[in-house]
Amino acid sequence: MPIKTSDQSFTTRLKESEADKFMQRAVAKAQDAQWDKRTSSREDLGNWPQWRELGEQIRQHVIRYLPDYLERFSNNVEARGGHVFFASTDEEASSYIQQIAVDLDAHHIVKSKSMVTTEIDLDKKLLELPDRTLLESDLAEFILQEDDFDEPTHIVFPTLHKNRDQIQTIFQKIGYTGSNDPQEMARFARKYLRASFLEADMGITGCNFAVAENGLINLVTNEGNADLVMAIPKTQVVVMGMERLVPTMQEAAVLDTMLARSAVGQRMTSYATFCGPAMPDEIDGPENFYVVILDNGRSNALGGQFEQVLQCIRCGACLNVCPVYRHIGGHGYGSIYPGPIGAVLSPVLRGYELFGDLPFASSLCGACSETCPVKIPLHELLIKHRAVMNDRLKLDHSFNNTVMHGIGMATGTPPMFRMALDVDHAMSGAMVKHDAPTVENFSNHNGYFIHAPGMAKGWTDSRDLPRPPKHKENFRSWFKHHQEASHD
Amino acid sequence: MKVAIFSTCIMDLLFPNVGIAMVEVLERFGCETAMPVKQICCGQPTYNSGYINDTQKVMHNEIDALLSVDADYIVGPAGSCVAMLKEYPHHLANDPQYADKAQMLADKTYEFSQFVYRVLHVENAGAELNATATYHRSCHMTRLLGERTSPFELLKHVQGLTMIPLPHLENCCGFGGMFSVKEPEISRQMVDEKVDSVLSTEAEVLISCDQACLMNIAGRFNRRGETIKIMHLAEVLNSNVDPSRITYNTDATLVAGGGTYADQNI
């Protein structure tokens with residue numbers, strides 16, 4: 001599946017998300033559980049603000065010197081006998097990997113979880129080849145695959161939107177006869193996958209971090225499936241975003257612990273592996289080792305106002321704290337990268353025509369910026385996207401655009417605002433509902449609005465709006481009177 | 001000391017009760033207050049919507065207006081709007097005419113509760129409110145202004161008041177300024193969850209330091225026909241005050257303001 005997961009409009013996706021009560025409950029439950037786990041694992045570590053500073057420094061340093069680290073890394077991969085391919089587009093990357101499968105006559109492909117391979121729609125590309133099998137070996141990705149490559153809705157928990165009954169039904173298609181007990185289903189999947197590992201002749205993994213100093217690939221998982229993908233097949237292909245580098249093993253260690261704590265609230269994942277081609281003195285590991293380094297829009301951010309988005313280590317913590325994601329889920333965003341990071345990244349990678357709605361889908365509460373382990377100011381970047389669309393590209397041609405310019409004028413011109421203060425109570429008479437409000441101290445000036453025109457309709461569709469006071473009862477009038485009284 | 005009131009557009013337009021309470025509390029603690037009349041709005045409606053160009057004039061006006069009064073401090077009744085003023089030096093860093101003024105403004109601007117607690121060093125404001133209440137912590141006050149404790153410290157000493165913790169305190173109420181009208185479907189779901197959280201406490205009063213959040217939550221409460229009373233913290237601290245109850249904290253380490261979302265919490 002490419003970056004875009006849906007052809008429906010944003011409004012339609014929102015409606016569908018709201019109707020999916022199971023998904024909403026599941027997301028809320030996961031967010032709440034993660035809140036506690038993440039917080040306590042960060043507290044255990046201690047000095048979290050300083051760790052964040054360090055994480056930010058490491059990532060910013062790498063991005064500043066990205067060409068140098070890419071060169072160093074690729075030289076080191078080649079020195080170990082591996083191959084490096086720089087792909088500027090998704091198509092280049094997936095075609096290259098397809099060609100490897102053809103050239104090496106690889107027929108049984110196993111994969112571990114990788115967002116970047118989802119981004120380049122690799123599975124479908126490989127399955128276009130005759131006589132190939134391909135298996136996603138991460139449990140959640142396996143479930144998605146068996147459900148006709150359903151869209152992932154979270155970058156760390158891709159099947160957050162599925163319940164155990166749905167998974168049971170999906171597994172029944174491949175011969176499962178057991179109950180909806182998660183353990184029993186996981187055992188079934190394990191057995192099913194194990195057979196595929198043993199016959200696999202090509203493994204594909206993503207990459208959490210690529211170590212420049214030695215050309216090794218760092219992967220962290222909890223299922224151990226990535227280790228089998230690396231260890232068993234003769235050929236391993238690693239696909240990585242071009243920003244995914246660290247200078248040395250030391251920085252990998254720092255970021256691994258921050259990633260594990262931020263993503264799943266663990267001190268460390270069950271498996272943290274560094275791998276490369278099998279060296280002469282090693283008994284296992286791939287004989288053929290390929291690294292595909294992908295741009296696919298990332299360089300749009302380099303050197304510009306969105307560069308900080310490249311600091312991301314894909315922990316998903318911003319999704320786990322986002323009150324918007326909590327309600328609209330991954331499906332609402334329509335991108336394989338949902339949540340706050342997705343709302344910043346998706347337009348950088350693919351532009352505003354596809355993803356221009358996303359930066360507005362935020363209340364700017366700042367929970368994302370606060371939790372980000374590498375200090376990406378996500379909500380500020382969302383405002384920057386809005387500014388590019390409204391100030392620079394002037395994409396909004398609706399009446400709202402005129403209203404916003406009007407608000408700018410009124411809030412910057414004292415006489416206009418004074419006029420608003422003068423007329424608002426009297427003008428509003430006809431639209432006011434005079435019933436006593438059920439909320440005390442909410443609207444103290446003889447009624448409230450249940451309908452309002454224009455943009456304010458968005459408010460009154462679901463909320464009542466207080467009625468403004470008469471001019472002589474507003475704060476400024478009171479203050480003037482108060483001041484005169486105290487000076488008398 | 002002289003305090004210029006940063007009235008905020010929402011209070012000016014809709015909630016005189018909040019401003020009156022704030023002024024009365026500040027004067028009770030010896031502040032001389034002034035109300036710069038040319039002030040309008042901090043500029044968030046346009047700035048946060050991506051109309052940065054339109055916001056320049058708004059910020060310039062607000063700076064000129066608030067600095068037109070020779071005051072020691074500028075105090076406002078809204079954590080979000082105050083956080084915006086605190087960000088002016090960042091927004092106007094490349095504005096040769098306004099960069100220095102923006103810094104001057106930011107340096108002496110405080111949100112109401114932090115001013116009372118950290119600058120005036122009030123411990124017990126002398127108030128009494130016989131009720132059960134819960135507190136809504138606004139996102140911008142918490143994460144952008146970095147003020148997490150002052151309101152709770154002040155509420156602790158209100159006689160007769162029983163505070164009940166609000167579940168999911170950390171979640172946004174769905175206001176988000178123009179977000180509430182631009183994305184009404186998402187905003188409604190967020191505020192509904194907030195209303196449910198408040199209802200689950202069975203509190204009689206919902207208190208906050210951001211009247212805009214209160215307007216949002218109360219607007220939904222009212223639409224759903226649910227009952228509650230909303231109060232800005234200033235109104236709580238101005239309730240049935242007995243001056244003999246007033247005490248001051250002696251903690252000299254209470255540094256005022258400071259911090260951003262980055263370093264305050266996990």
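Student: Which strands pair in the parallel sense over 2 bridges?
Tutor: This is a predicted model, and in it strand β12 (residues 439–440) of chain A runs parallel to strand β9 (residues 228–232) of chain B, with 2 bridges between them.

Student: Which residue in β9(B) is the bridge partner of A:V439?
Tutor: That's B:I228.

Student: Switching to the largest nonpolar core: which residues touch the most other members?
Tutor: A:V292, A:L294 and B:I217, out of 220 residues in that core.

Student: What is A:V292 in contact with, leaving aside neighbours within four places in sequence?
Tutor: Its contacts include A:F85, A:Y96 and A:I97, plus A:V237, A:V238 and A:V239.

Student: OK, chain B now. Where are its domains?
Tutor: Domain 1 of chain B covers 2–118 and domain 2 covers 124–244. Their centres, taken over C-alpha atoms, are 21 Å apart.

Student: How many residues of each domain of chain B are in contact with the other?
Tutor: 28 residues of domain 1 and 24 residues of domain 2.

Student: Which element gives the most on the domain 1 side?
Tutor: α2(B), with 7 residues. Other elements giving two or more residues there include α5 (79–91) and α7 (112–119) of chain B. The domain 1 side divides into 15 nonpolar, 8 polar and 5 charged residues.

Methods:
Residues numbered from 1 in each chain as written. Chains lettered and ligands numbered in written order. Predicted model: local features only at pLDDT ≥ 70, side-chain atom pairs only at ≥ 80, totals over all residues. Pairing = 2+ DSSP bridges. Helix = DSSP H or I, 4+ residues; strand = E, 2+ residues; numbered from the N terminus. Core = buried A, V, L, I, M, F, W, Y, C linked by C-beta atoms within 7 Å. Buried ≥ 20, exposed ≤ 12 C-beta atoms within 10 Å, placed from the backbone. Contact = placed C-beta atoms within 7 Å. Domains from an automatic or database assignment. Nonpolar A, V, L, I, M, F, W, Y, C, P; charged D, E, K, R; others polar.
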